Amino acid sequence: MEAPGSASLHDSSCLNLWTEENNSIISRWRAVIASRNDSMLKPTLRQCHRALSQLLRKIQGLPAAVPSLSLELTVLYNTLVFQINVADGFTDEDSREIEHALFRVLDARGLVRGEMSIEELWQKILLNTNMQQLAPVVHRLAGLQGALWLAANQLEKLKFLFEALSGTERHTAPSSCEPDRDILMLLSTWNVPHDETNSLLLAQTSQDLKAILYTAAAFLQGLQLMEEGDSRAAAGILQEAVAGLCSRRVLAEIYTSIGCCCQRMGKPQMALQYWKQALQVDFQCLSALYQSLVLFRHLEKTDAELEALSLLHKALEGSSQGASSTSHLLVGVELLVQVPSLTSVLAVPNGSEVKYLLARRCLQTGRIEEAVEHYLDLMAVLQEEGWQPQEFLHGLPRVPEVFLEATSALLQREQHQDALTVSEKIVSRIIDLIPNRLTILLRSDDRGEEEQPEQSPGVKSSPPQLTSSPALSHEKKESLNWILWASTAYLHQGQALAHLSKHKDAVTQFSRCINLLFKVQFIRTGTASDEMAQEGLYRQEQVLQALKSLALLGRGCQFLQLGKDKDALRDLQLSLQANPGHSEAIQNLLEVLWRLGRKQEAAMYWQKFQSASVPAAAQQERRALPLYLLSQSKKSFPLDEALTGKIQDYISAITEDVPWP
Amino acid sequence: MASHLQKVKYLAEFQCPVSGLSAGKHQVLCHQSDIYLSNGSKFLYMYNKEEKQVKAIYEFPGRVWHVELVVPQKQLYVLCSHNGIYCVSMKQPDRLVKQTDPVTEGDRCSPCLVPIDSDSWILQDSSICTFAVVNGILVTVSKGQSRWRIKVLQNVNSSQENPKFSQINQLEFISGTTGNLSLLPTLCCIFPQGADVSSEHADGHRTFTVKAALFSPLFGLDAAMLNSPVVLCGFPDGQVCCVPLKALSFPTMHFSCPDMKDQTPRGMILYHLEQSVVFIGALRFHQGDSETGGHHGMIDDIVCDCIVVVGHQGKMLTIKLEVKEETQGPAYKEHHLPGPIACGLCTASSVYYSTPSDLFTFSIAVNQRKPDSSPGVLPFVSPPVSLNLCSAVALSTPTETSEGETELVALSFKGRLMVCNLSKDTSEPQHPRMTSAQAGQKIKDLLAGIGSVSERVSLLKNAVTQKNRSLSQLNQVINVSCALLSHQDLRQPSSCVITAQWNRLLTQDPLFISCVLENKTGYSLQQGWTLCVHVSSSSCPYIADSVTSAVEYSFPIINLLPQDKMEVSFPLTHERSGRLVLPVTISCSLFYSLKEILGKDVACPWSANSQTPQSSSVALLEKGGISLPLKECDIDTLHCLRFRRDQDPKVPLPSAHRSHLPPDPVQIFLQALLTQNKEAEASNEKDFQGVGALYMRPLVASVRVSTELLERGLQELCAGSNVCCAVLQWLLADNTEADTVKAQNLCEVQGTDPDGKDVHLRVTEVSVDDVCPTGPVPAVEIQIGSPSLAGMSGAHQAVIRRLQRLVSPISHSPDLRLKHLQQLITDREMLLKEVQSLRDSMCLRKELGSGAAAEKLLGLYERLRNPGLLIL
């Protein structure tokens, strides 16, 4: 291709050579894009980048001269576009190159260059009226500079640059009632000169660049506002971004962000709408799905939530996560918008976490069969991949707790043998670790825990004490956990055996559980003022009590079955002591008392039970229990009609004896 | 204490830098019969034990820092510094190399060089320091700015040939500044009890199974329940951290501050060793009932109950499962080993570690003793046993050979690969007890041996020192000789100035000759050089019983530095008669005796009696030495004339020394007579001349030299003054006493010769007629007068000799009247005839007595000498 106006066919001036080289590189790139050959993209990208940077070095090796300025700046523009793409973002080197090029422009013009900051450089160049024929090139470069500053979140500089570009002075625009929109206004009014239809090919046209900048600016500002908490304004600006030029993925992300804003504004339905739109645009945008299911949980729409969860799980299992976006644009919005707030918006749990959420939800809502299926799948996955839940998902349990929940689900589904197997797994790992005694002081002051002398004799150097809560040392917390888990496992085993009618074995397991539980001793000292700091410990204590009551109840029932009434009585009484008002316990107690012939006591209990209202605290307590225990406490035991009838008769018989006054 | 008998075989030698291999970057890996060896350079060597040669050399783009064998896929993962991880297949390389090397000589083919390029690059990361492969998961440790990053990566490609890794987890640790930071971090993988390790390569010093009771409290119950392996990483700054691969880092409470922006969680430090970690391993402490000490059974099956971390300076941390009465849990204890430890490894039953001087091993004792609770003592293991293998920098996993021995492959500090076979003495440890007498004898023998060896050493040392010294001396001598000889023709590098001086003593004045040796060379003349002065006088015909005599003086030179002068002086006497016989030839030379250098038993091929002609310009080995002639000079009467200070005849001259001679009795008698005569006061000075001086008329000899000749010869002297003074000055030039004379422009002097006789010199200008046809020739007449014949003849001889030296053959001879010449000749002939006739008559014993003959001879002599020679 020859420069226009050149007469000779073999004009091999430098400018022509360089122009040809530039064009060949760009056409190669365009050819690869057109062929849609994904595997060749990255290598070609690198090759083009290397070739262009070599060409740039060649050009910049000579002193700057006016005729070659436009070529030089164009080649620099192309190189930077490729460089940004190869490096997957902006680096300091890019800004240095631009600065260097600007200095060369000044040199070529013979203008003095002193110690100028980059903004002053730009101002000088842009306000220089001699640069008219360089205008398109300079504007393009300014666009890149703007992109750089946008990515670095230096919005002031960006504003200043585009003000200079549009030639307006720095004054407070009267129409800026929305200061956030200033930049967008500037960008939209930026009059990009048309690319000359000369022979220099561009990696990305100026119009595209402008559009990208606009979208990216809007998106970034929207995210920033969202982070600051101003959701309404954020939503407004993000709407602007929607109208801009971006890939499908980015569009979906924008919709997701708008949805989040709506949610924070308290408009759940609108949020759901936007998320649906996001999914329609790009079905790979799983964050929208995740956000919506969180919302469903919040709204307690269980079916929708479960459906969303299973969809999400399928999506994660199915396609590969990192689908490469074959955008024909080199500088896309993705490169410009790489901020942590976006990452938090777009966070999605991985496969095993979703599976867990699904299983848990099923268990919580009572869909036992599905729950069991999901838990069993989950345990298989855990063995393979491990369990490393991400930080943004709060409240995910530890591995033993997952197993315990699975056991509980199995019990509820009456797969007792499987429940036994799973519990055994837990028990076998923990049982060697449990200390003989664990004493926990609940203090009100911050002095923290004192080591009991019998707890750890003879250890000379202990591992570093890393505690996040001052009240209890880490080791002790973990020991407490072990005890609770092991005892729960024993409890489950006992219950499974009970249902399998292996009463003696059931009794053994229950006894083990109880023994474990009695190893822990909570000692209260001081005033109960600083309860907030020890909330976790109180909770553990309640769990302990609940476990005790359940275990004693279980054993009591077994004794009842075995006919050992006295032991049964003792256990049931202790169980009621730990957890008064438990209907099942009362029922069994009544039965025992009746069998033992202590009818008066039976009647007393019966009356007490009738009159006592279920306190709200019991409800609260139930909610504080972990999931694997909830199922036990939730069931309201149906009262044995026959027995209650007998008792009532008895009571009436007794009261009949007493004449009415 | 079990004894280890070992045999060491050296297999091959590999290149290593001159300073030896540094710690931390070398590895020896054994796989069946192949040994893979990296010595920190760009090459990875594969050595085959059966064929006993290097089979393949892999060349990498960067230095090889770490190699891992991935046995299930038969691959090698190699870490190149600042590059990344490469994957190399373990198959025979000659199938892979595209250009095949020609196979020469049958079996002994040269090792093929396999260059590794970027096709084998599986992970590009220039900050990786080390890595490990566990169950297909890659764990890498990278160094950031001030932190360490541990990344867990998984293969997402289904094919194992081309693994592509994506990150699934990352942990960060702040790096400290203590410790030797040039070492690389070490990794070790711990499996919980019950985990399936069969698929894992049983690389017995990298993967261990640990009891659950120790595993769970340390690494968390989650990891134990999921059978997740835990990677322990020891950093060069001393921190030891653990990374569970499938569970959250324990404990699950988050450490990272909630307001930190970066997302990477921090990991948990297990311990801080405060020195660089060299290796981590696990031991099985409590033996089961069926096990004895040793490497029995598969290493996979051994479940360890003690984790061992060993630091560079010798600190060893053991995390042992401690069973207390109420509970059991981990107990941390520190022990100290002698350091510094370069490398080591730990198998489930023994620990090997290498210090620069030795290789130690210790293993679990067979019978356990009661644990000693004092700190620093290793209570549960036998004391370290030395294997006498020094400076090993890399060890491979010990393997069991078919004979039940343990085989250990090691790489030494200098790059040598060696195989060490340890046979464990499994019987009850018994030492052959030595009796005390035997022990004492052995000790004596050893001491004697030491003594003799040290003696020999000292003797040899002395001999060597001596030889060195001799060589240096010889070198110096040769240098000096060359310096002196090379300038023979030009100027004298060392000058030797010989002068005659009269020394003033009380009654006698001896004549001393002084030689001043000036060292103008650049070398200093050190001990061994002597200045030899050879004084010889020819026999004087007019003095009775005088013979040719020669005396040699030698003055040793201690240390004559360059530009220094050394003056030696000695009296000039005649030993027997005490008379000074002039002229005397003095020659100075420098002599260096080689006997000192070469020793007594060197036979000198040249001796003084040899027939080789002696030339003065060649250095000779004379009497076993090197002699360099310096100067030769004649001392004659004119040198020794003494003058009165102011030519005042009244001042008596000091007498010459005549110590040896008893004074002549006649002289004494006559003197005594004279002293009675008061008139002789005025003429006292003549006493010293001897009585004969009064009564004998002075003898005069004269020499005439043409002025032209003199002027030509004495150019510079004639310049200022007139010819006569110039000539006189020239004659007395070398006379140290003649300063006053030279100061005054005299034409006539009177002096005393060493024998005490007066000598009178007068120089006048005359013109000689009848010699040349052209006219009278201007000439200078030198008149020598003395009352004594000896004095006159001595002075005359001196003058003649000087004139001989001065006058050079003239190109043209002046026209001479033949007639005059003829006249001269006839005159002389007449004298000759008279002498002959006198001789004849003496022979015939005619009436002429000796006195008359003597008088006649004297008269003839006088006529001969005056007018004397004419030199034209």
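A residue is called buried when its relative accessible area is under 20%, exposed when that area is over 50%, and partly exposed in between, with a 1.4 Å probe and protein chains only. By this definition, Phe60(B) and Tyr86(B) are both buried. The model is predicted, so local features need pLDDT of at least 70 and side-chain atom pairs count only at pLDDT 80 or more, while totals for chains, interfaces and linings use all residues. Residues are numbered from 1 along each chain as its sequence is written, chains are lettered from A and ligands numbered from 1 in the order in which they are written, and side-chain values use heavy atoms, with hydrogens and water left out.

We begin with the two chains. Helices (H or I, at least four residues) and strands (E, at least two) are DSSP runs, numbered from the N terminus. Chain A has 29 helices and two strands, whereas chain B has 14 helices and 46 strands. In chain A, 50% of the 661 residues count as buried; in chain B, buried residues are 47% of 872. Accessible areas come from the Shrake-Rupley method with a 1.4 Å probe, and for residues only the protein chains shown count as cover. Chain A exposes about 31,800 Å², of which carbon and sulfur atoms supply 51%. For chain B the accessible surface is about 44,200 Å², and 54% of it belongs to carbon and sulfur atoms.

A contact means heavy atoms within 4.5 Å. Among contacts in chain A between residues at least 6 apart in sequence, 68% join residues at least 24 apart. The corresponding share in chain B is 63%.

The next topic is the interior. In soluble globular proteins, nonpolar side chains tend to be buried together. A nonpolar core is a set of buried Ala, Val, Leu, Ile, Met, Phe, Trp, Tyr and Cys residues joined through side-chain atoms within 4.5 Å. The largest one here has 219 residues, and Trp122(A), Phe219(B) and Ile307(B) touch the most other members. Apart from that core lies another, of 38 residues, including Val477(B), Leu531(B), Val568(B) and Ile626(B). Which residues does Ile307(B) touch, not counting residues up to four places away in sequence? Among them are Ile190(B), Val210(B), Leu214(B), Phe219(B), Ile280(B) and Leu317(B).

Val152(B) belongs to strand β13 (residues 147-155) of chain B. Because its relative accessibility is 2%, Val152(B) counts as buried. Leaving aside neighbours within four places in sequence, the contacts of Val152(B) include Ile137(B), Ser166(B), Ile168(B) and Val243(B). The C-alpha atoms of Val152(B) and Phe165(B), 13 residues apart along the chain, are separated by 9.3 Å.

Aromatic rings come next. Rings of Phe, Tyr and Trp (its six-membered ring) pair if their centres lie within 6.5 Å; planes under 30 degrees apart count as stacked, over 60 as edge-to-face and the rest as tilted. Over all chains there are 15 aromatic pairs. Phe60(B) and Tyr86(B) form an edge-to-face pair, at 6.0 Å centre to centre and with 65° between the planes. This pair links distant parts of the chain, 26 residues apart: Phe60(B) is in the loop between β5 (53-59) and β6 (64-70) of chain B, and Tyr86(B) is in strand β8 (residues 84-89). Ring pairs link Phe60(B), Tyr86(B) and Trp121(B) into a cluster.

Charged side chains can pair as well. A salt bridge is a side-chain nitrogen of Lys or Arg within 4 Å of a carboxyl oxygen of Asp or Glu. The whole structure holds 25 salt bridges over all chains. In one of them, Arg104(A) joins Glu72(A), with the closest N and O atoms 2.6 Å apart. Here Arg104(A) lies in helix α4 (residues 92-109) and Glu72(A) in helix α3 (residues 66-87) of chain A, 32 residues apart. Are Arg104(A) and Glu72(A) buried or exposed? Both Arg104(A) and Glu72(A) are buried.

In chain B, Lys315(B) forms a salt bridge with Glu334(B), the closest N and O atoms being 3.7 Å apart. Lys315(B) lies in strand β23 (residues 315-323) and Glu334(B) in strand β24 (residues 328-336), so the pair ties together parts that are 19 residues apart in sequence. Lys315(B) is buried, with a relative accessible area of 10%, whereas Glu334(B), at 30%, counts as partly exposed.
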